[in-house]
Amino acid sequence: MKRNFIIAAIVLLVYICFGISISANAASAVSIPIKNAGFEEPSLTVEDYYTIDTPPGWITYDPNGLVPAKRTRITSNNGVGYTGPNSAYYNHKAPEGRNVAYVYLAQEIGSGIAGLEQTLDAVLKPNTKYTLTVDIGNSGGSFQGFPLDGFPGYRVELLAGDTVLAADQNNLYIKEKDFKTTTVTFIATPESPYLGQHLGIRLINPLQGKFSGVDFDNVRLTAEPAET
């Protein structure tokens, strides 16, 4: 009887210590500021209305020259759209706020890639775990009689300077009219050659299928101490 009580007490103590450790680790994670992380700028008032200008705080990533200097609504472009609870393109409203960002490419499948990117004020530090999370959307339905069937895929990258530290290349299956959250992690060691370089984020349309538009929302990046 006494032995069983001692064992139970030890097990309880282990659980308590484990719980304290988890809480301490969770509390140590710090959010890294991202400009216009939810794409709420510019503010839109009409549901399903969208812009064709690069969202404030971001720049267009266009290594293959797919986005023209003078955009129209039928050329390749990017911008933000108001996705409310009664959206014709999603089964629910935007994951965060009202707007989502989109990257639309009008070229043939496999012509190249384009997207959005942002260089942050924060720099890569040693013994730190970085966690990047982004909500990815696959719109559905039709737009002015044009079906939005299909999905071009996506790629989410965490960078230090121009170097990709970690990425998710289309690992999620996303149903039409739905969003899913991707998570990208990287642990920086004291030996990393990229320490001190500014962190960056890229949200990419890889143009691997029709319909050739992909949406992004609720971009978050945290840093927490990590043993390396």
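**Glutamate 96 and its surroundings**

Beyond its neighbours within four places in sequence, glutamate 96 is in contact (heavy atoms within 4.5 Å) with Gly38, Glu40, Asp217 and Asn218. The structure is a predicted model, in which local features need pLDDT of at least 70 and side-chain atom pairs count only at pLDDT 80 or more, while totals for chains, interfaces and linings use all residues. Residues are numbered from 1 along each chain as its sequence is written, and side-chain values use heavy atoms, with hydrogens and water left out.

The pLDDT, the predictor's confidence in each residue on a scale from 0 to 100, averages 90 for the protein, and 88% of the residues score at least 70. Over residues 1-26, by contrast, pLDDT stays under 50, and the model has 1 contact beyond four places in sequence for this stretch. Where pLDDT is low, the predicted coordinates should not be read in detail.

Glutamate 96 sits in the loop between strand 3 (77-82) and strand 4 (99-104); strands are DSSP runs of E with at least two residues, numbered from the N terminus. Its relative accessibility of 29% is why glutamate 96 counts as partly exposed, a class that lies between buried (under 20% relative accessible area) and exposed (over 50%), using a 1.4 Å probe and protein chains only.

Asparagine 99 belongs to strand 4 and counts as buried because its relative accessibility is 1%. Residues touched by asparagine 99, not counting those up to four places away in sequence, include Gly38, Phe39, Glu40, Tyr82 and Asp217. The asparagine 99 side chain also reaches the backbone oxygen of phenylalanine 39 at 3.0 Å.

The UniProt record, an unreviewed entry, lists Gly38, Glu40, Glu96, Asn99 and Asp217 under "binding site". These residues are spread over 180 residues of sequence yet cluster in space, with a largest C-alpha distance of 9.5 Å. UniProt positions are given in the numbering used here, with feature names shortened, and annotations may be inferred rather than shown by experiment.

Turning to another position, threonine 128 is found in strand 6 (residues 128-138). Threonine 128 counts as buried because its relative accessibility is 11%. A polar atom of its side chain lies 2.9 Å from the backbone oxygen of proline 126, and one lies 3.4 Å from the backbone oxygen of lysine 125. Leaving aside neighbours within four places in sequence, threonine 128 is in contact with Phe186, Ile187, Ala188, Ala223, Glu224 and Ala226.

Definitions and conventions: Helix = DSSP H or I, 4+ residues; strand = E, 2+ residues; numbered from the N terminus. Polar contact = N/O pair within 3.5 Å; in protein donor to acceptor, adjacent residues only side chain to side chain.
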